[in-house]
Amino acid sequence: MTFTAIDFETATGYHPCSVGIVTVENGIIVDEFVTLIKPHNNEYNPYTIRVHGIHPSDTINARTFLEVFPEIKKRLQNRVVVAHNESFDRNVLSKTMAFYGLNYEDLNIGFRWECTVKIYKSIGLKPATLSECCRVMQIELNHHEALSDARACAQLYLLR
């Protein structure tokens, strides 16, 4: 069981304001990475602030996506990538990379990631939200905190 779990929190649309990444080697978490990211123009949608509690004042001095990308790349490149509702996180990554002129295909991670929503729906858990999956599987979760969400996703994938 070797893979990387990822979770983005966004400021507006696909513009990330935080990323959490958990690296699993042979079924054991061996690395965790989390950082705030200054979104484009440091702009936020009020709804996203209510969801995750990250404000423009939190990211005004944070690194940009381009500055954080080398850390993301070294953790994702050539890996199996897992996310809860993978289409959301995959789109955040691919669209943000395109916005900054980076080539998604260089990561060699494919256009379909492993998805814990789909896995847990397929075994009958409804709703298969991250919070509900964690409640049922007794996994600690500080929901909408990127590292906690990525760690929970990794644990859910290990337990599938």
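**View 1. Helix 6 makes a left-handed crossing with helix 7.** In this predicted model, local features need pLDDT of at least 70 and side-chain atom pairs count only at pLDDT 80 or more, while totals for chains, interfaces and linings use all residues. Residues are numbered from 1 along each chain as its sequence is written, and side-chain values use heavy atoms, with hydrogens and water left out. The axes of helix 6 (residues 130-137) and helix 7 (residues 146-159) come within 11 Å and cross at roughly 55°.

**View 2. Now for the largest nonpolar core, with its 22 residues.** Such a core joins buried residues (under 20% relative accessible area, 1.4 Å probe, protein chains only) through side-chain atoms within 4.5 Å. F3, V22, Y120 and L156 have the most contacts inside it. Strand 1 (3-12), strand 2 (15-25), helix 5 (116-122), helix 6 and helix 7 each give two or more residues, and helix 7 brings the largest share, seven residues.

**View 3. Let's look at the surroundings of L156.** Leaving aside neighbours within four places in sequence, L156 touches H84, T116, Y120, L130, C133, C134, M137 and I139. A second, separate core of 20 residues includes I6, F69, A83 and M97.

Note on methods: Axes fitted to C-alpha atoms, helices over the stretch in contact; angles between N-to-C directions. Helix = DSSP H or I, 4+ residues; strand = E, 2+ residues; numbered from the N terminus. Left-handed = near helix turned anticlockwise from the far one by under 90°. Buried < 20%, exposed > 50% of the residue type's maximum accessible area, 1.4 Å probe, protein only. Contact = heavy atoms within 4.5 Å.
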